[in-house]
Amino acid sequence: MILAFESLLPSFLLILFGFGLSRSPLLPAALWEGIERLNYYVLFPALLFVTLARADLASAPIGPMAGAMVLAILLVAGGMLASRRWWMSLPNVDGRAFSSHFQGAIRWQTSVALALAATLYGREGLALGAIGVAAMIPLLNLLSVAVVASYGASTPPSRRALAQELARNPLILSVLAGAALNASGVRLYGPAVETVDLLGRGALGVGLLLVGAGLAPATLRLRLDIGLVVVVKLVLMPILMIGFATLFGVEGVALGVVAISSAVPTASNAYLLARRLGGDAPLMSAIITVQTVVAFATLPTTLWLIGAT
């Protein structure tokens with residue numbers, strides 16, 4: 001258990017450092033938005049592209065991993081939608097709040113997951129984590145946009161607008177480009193690849209700082225609905241995803257990466273989506289903050305229970 005915690009400690013310390021740095025006069029609040037855009041549109045795509053382009057995917061259990069991840073997400077998402085009337089019967093929960101609960105239950109913090117996979121398993125873990133990005137990001141974006149738009153205050157986007165948003169997603173595009181290059185066998189000019197690699201090396205550290213900067217302790221609330229969403233995301237989701245992966249024969253490093261992907265807190269940009277489409281953004285911020293704090297305990301426990309460290 002101690003080994004599992006120590007393995008994850010550097011990532012958690014960077015999150016705490018990002019939180020402190022964002023509250024210091026060194027970096028103005030307006031600058032963090034630019035850093036987030038740089039990481040989302042440049043650094044992270046560069047990391048995913050180079051990782052997949054260089055990875056040995058021939059022996060990777062791509063199908064079983066992707067299947068386990070997708071099935072777990074669909075099961076939790078279906079359960080949330082089926083029980084939406086019950087959720088909305090809870091105190092202070094309306095349609096806008098439910099849309100935040102939905103995002104909190106199914107989405108994952110990509111920065112944290114990839115950083116932990118790289119720390120624990122090196123390049124192999126990072127490559128397998130990129131497979132998780134390819135499997136989950138399109139589905140999670142589709143489900144989240146659809147539900148927030150349907151239950152939020154804004155006008156739901158058209159199918160065409162939704163398709164365009166997915167088609168422009170830089171993480172999806174970089175994963176597809178890297179995988180296509182890997183499959184083609186084409187070798188890019190060495191200095192060009194190293195240039196992209198240098199860009200990508202900053203993504204994980206910057207991503208963790210951004211997670212910390214996005215934490216909002218002022219939004220913390222002792223509410224039943226928030227506690228239930230934490231249980232769904234940090235307990236039920238790992239049980240389902242790890243269970244499916246084990247059933248499909250995933251083991252070793254691949255199982256560890258599945259466990260990490262299932263047990264990280266929800267995505268920070270869920271707040272931006274809630275704000276843009278009329279969801280309950282303050283509640284979304286509270287859910288992200290509570291899950292991140294609780295994950296300090298649940299994530300090492302999850303990895304220790306499956307013997308991943």
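Helices α2 and α10 cross in a left-handed manner, and please keep in mind that the model you are looking at is predicted. Two packed helices are described by the angle between their axes and the distance between the axes. Here, the angle between α2 and α10 (residues 203–213) is about 145 degrees, and the axes lie 9 Å apart.

Which residues make this contact? From α2 come Trp32, Ile35, Glu36, Asn39, Leu43, Phe44 and Leu47, and they meet Ala203, Leu204, Val206, Gly207, Leu209, Leu210 and Ala213 of α10. An α-helix has 3.6 residues a turn, so residues three or four places apart point the same way.

Now follow α2 itself. The helix covers residues 29–54, 26 residues in all, and spans 37 Å from its first C-alpha to its last, close to the 38 Å expected at 1.5 Å a residue. Along the way, α2 bends by about 45 degrees at Asn39. Asn39 is also buried, and the buried residues of α2 include Trp32, Leu43, Phe44 and Leu47 as well. Further buried positions in this helix are Pro45, Ala46, Leu48, Val50, Thr51 and Leu52.

Finally, move on to Leu272, which sits in helix α13 (residues 270–277). Is Leu272 buried, exposed or partly exposed? Leu272 counts as partly exposed because its relative accessible area is 33%, between the 20% and 50% cut-offs. Its C-alpha lies 38 Å from that of Gly185, a residue 87 positions away along the chain.

Terms used:
Residues are numbered from 1 along each chain as its sequence is written. This is a predicted model: local features need pLDDT of at least 70, side-chain atom pairs count only at pLDDT 80 or more; totals for chains, interfaces and linings use all residues. Side-chain values use heavy atoms; hydrogens and water are left out. Helices (H or I, at least four residues) and strands (E, at least two) are DSSP runs, numbered from the N terminus. The expected span of a helix is 1.5 Å times one less than its number of residues. The bend at a residue is the angle between axes fitted to the seven residues ending there and the seven starting there. Buried means under 20% relative accessible area, exposed over 50%, partly exposed in between (1.4 Å probe, protein chains only). Axes are lines fitted to C-alpha atoms, for helices over the stretch in contact, and angles run from 0 to 180 degrees between N-to-C directions. A crossing is left-handed if the near helix is turned anticlockwise from the far one by less than a right angle, and right-handed if clockwise. Contact means heavy atoms within 4.5 Å.
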